[in-house]
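Here are my notes on this one, jotted down while going through the model. Have a look at the structure first, then see whether you read the sites as I do.

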Amino acid sequence: MTSTNPVPAHPEAIFTYGAPQLKFGPGASDEIGFDLSQYGVSRALVVTDPGVAATGTPQRVADQMARFGIEARVFDGVHVEPTDESMNAAIGFARDSGPWDAFVAVGGGSSIDTAKAINLLLTNPGGLMDYINAPVGQGRAPVNPLKPLVAVPTTTGTGAESTTVCVLDVLSLRVKTGISHARLRPALAVVDPLLTLTQPAGVTASAGMDILCHALESYTARWYTSNERKQPEQRVPYCGANPVSDMWSEKAMSLLATSFRTAVRHGDDEQARADMAIAATFAGMGFGNAGVHIPHANAYPIAGRVSGFHPKDYPADEAMVPHGMSVALTAPEAFRFTFDAAPERHLRAARLLAPDAEQPPDPAEFLPAVLSELMRDIEIPNGVAAVGYARADIPALVEGTLQQQRLLATSPKPVTGDDLAGIFERSLELW
Ligand SMILES: NC(=O)c1ccc[n+]([C@@H]2O[C@H](COP(=O)([O-])OP(=O)(O)OC[C@H]3O[C@@H](n4cnc5c(N)ncnc54)[C@H](O)[C@@H]3O)[C@@H](O)[C@H]2O)c1
Ligand SMILES: [Zn+2]
């Protein structure tokens, strides 16, 4: 039987859209010194991780500043998939070497999110836990404005340069969670596809699945008018699918259809890299306003409870399931589950992602089949078992997902613990 979200007594009539200033194109990162000078900045901290630092890009960005009278320093201590400990260390470094009047994040979501946390805690009182979403943290709102943050993505994935979110692992609780507030959004996103040419194939595949799931989840998110009407002070950045987020999501899916496989297999293909970079930005602008649902909610415990998995092309020193991979692993089953809540949207998405594919006799199978085939082609592991989980782990995974109520609330239909257990069970092996 199809379960549907309850009909609201006072339907929402309003949606919101927020985005940073954007500068896009090959060579855009050569103009950051000038751009920062427009904010009247005199000291800027460039935030990155060791892998991105090794490409030379962060130092090149820092070296442009002197010409504009800006003193710049590179901090390359970001942890790939940041934790509360790594963010506190970065905040401590920034505090001790400050004051800073702007931040420049050069890297993937890990670097951009760490820079968001530094910016928040250097301008506002308290510690990370005060701002982390409830119930894990206090969910407080910043009281002071933040400094300008320029976000320069070097992966094609998270869209973190557009969003109001900062994701981290709270080590003591073994839980991944986040901080979300409009003030965290970067002032300027500088998207230079040339910076992504060195992105390894494994990172391109995983981060690309993140783009795909951002687009698909926001496209299938519950429609904004299906929520109860909010008061102005209750509005959050994620407001459900709406006409503006739909546009970004559809366009992102079309770009993925032409360029995702090529970008993974031929990393030096500049057109494919540019398509992936703009797809990531588009999907970020979509999901950053609409929200994501079941695959992202499931990803938190999949990534947070990992014990022995070491993905290709990521730092080898610790076990991890990279964000995009953790999101992708239950996506085919999640979209099989949500199909009946919005069949036409699932079919349209499958068609956008695979214009030449033949639709299977059961329409509910179309999108899962398109996703599984893509994942197999780009060497995403074959299901949750392939990253180390067994049937016996499912109750703990479900419990972790149920803590992500903020995300599950965006699902196009209600989802119970039993529904999630079924999704995990059928995701143990995908093909
Ligand atoms: N804030 C948001 O809106 C948001 C959204 C989705 C995900 N996230 C978070 O972002 C993080 C994942 O970010 P990501 O997928 O962009 O990857 P990442 O920042 O974790 O980087 C992955 C790896 O790729 C390397 N790398 C990155 N760019 C490179 C380049 N151009 N050349 C060579 N190596 C390169 C890095 O050194 C690192 O080892 C996770 O913590 C995830 O939870 C945040
Ligand atoms: Zn994501």
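1. Histidine 214 and histidine 296 are both buried. Keep in mind that this is a predicted model. The two side chains turn up again as ligands of the metal: the zinc ion (ligand 2) is coordinated through NE2 of His214, His296 and His323, plus OD of Asp210, at 2.1 to 2.2 Å.

2. What does the donor spacing look like in sequence? For the zinc ion (ligand 2) it reads D-x3-H-x81-H-x26-H. Histidine 214 sits in helix H7 (residues 201-220) and histidine 296 in helix H10 (residues 294-304), so this pair ties together parts that are 82 residues apart in sequence.

3. On geometry, I'd call the zinc site irregular, because the four donor atoms around the zinc ion (ligand 2) subtend angles of 85 to 165 degrees. For reference, the ideal angle for four tetrahedral donors is 109.5 degrees.

4. Now the other ligand. Ligand 1 is surrounded by 31 residues, and the closest are Asp49, Ser110, Thr155, Thr163 and Thr198.

5. Which polar contacts would I check by eye? For threonine 163, a polar side-chain atom lies 2.6 Å from an oxygen atom of ligand 1. Aspartate 113 uses an N or O atom in its side chain, 2.8 Å from a nitrogen atom of ligand 1. As for cover, ligand 1 exposes 870 Å² when taken alone, and the protein buries 95% of that.

Note on methods
Residues numbered from 1 in each chain as written. Chains lettered and ligands numbered in written order. Predicted model: local features only at pLDDT ≥ 70, side-chain atom pairs only at ≥ 80, totals over all residues. Heavy atoms only, no water. Donors = N, O, S within 2.8 Å, 3.2 Å for Na, K, Ca; no water. Tetrahedral: all angles 85-135°; square planar, octahedral: opposite > 155°, others 65-115°. Helix = DSSP H or I, 4+ residues; strand = E, 2+ residues; numbered from the N terminus. Buried < 20%, exposed > 50% of the residue type's maximum accessible area, 1.4 Å probe, protein only. Near = heavy atom within 4 Å. Polar contact = N/O pair within 3.5 Å; in protein donor to acceptor, adjacent residues only side chain to side chain. Areas by Shrake-Rupley, 256 points an atom, 1.4 Å probe, with all protein chains shown as cover.
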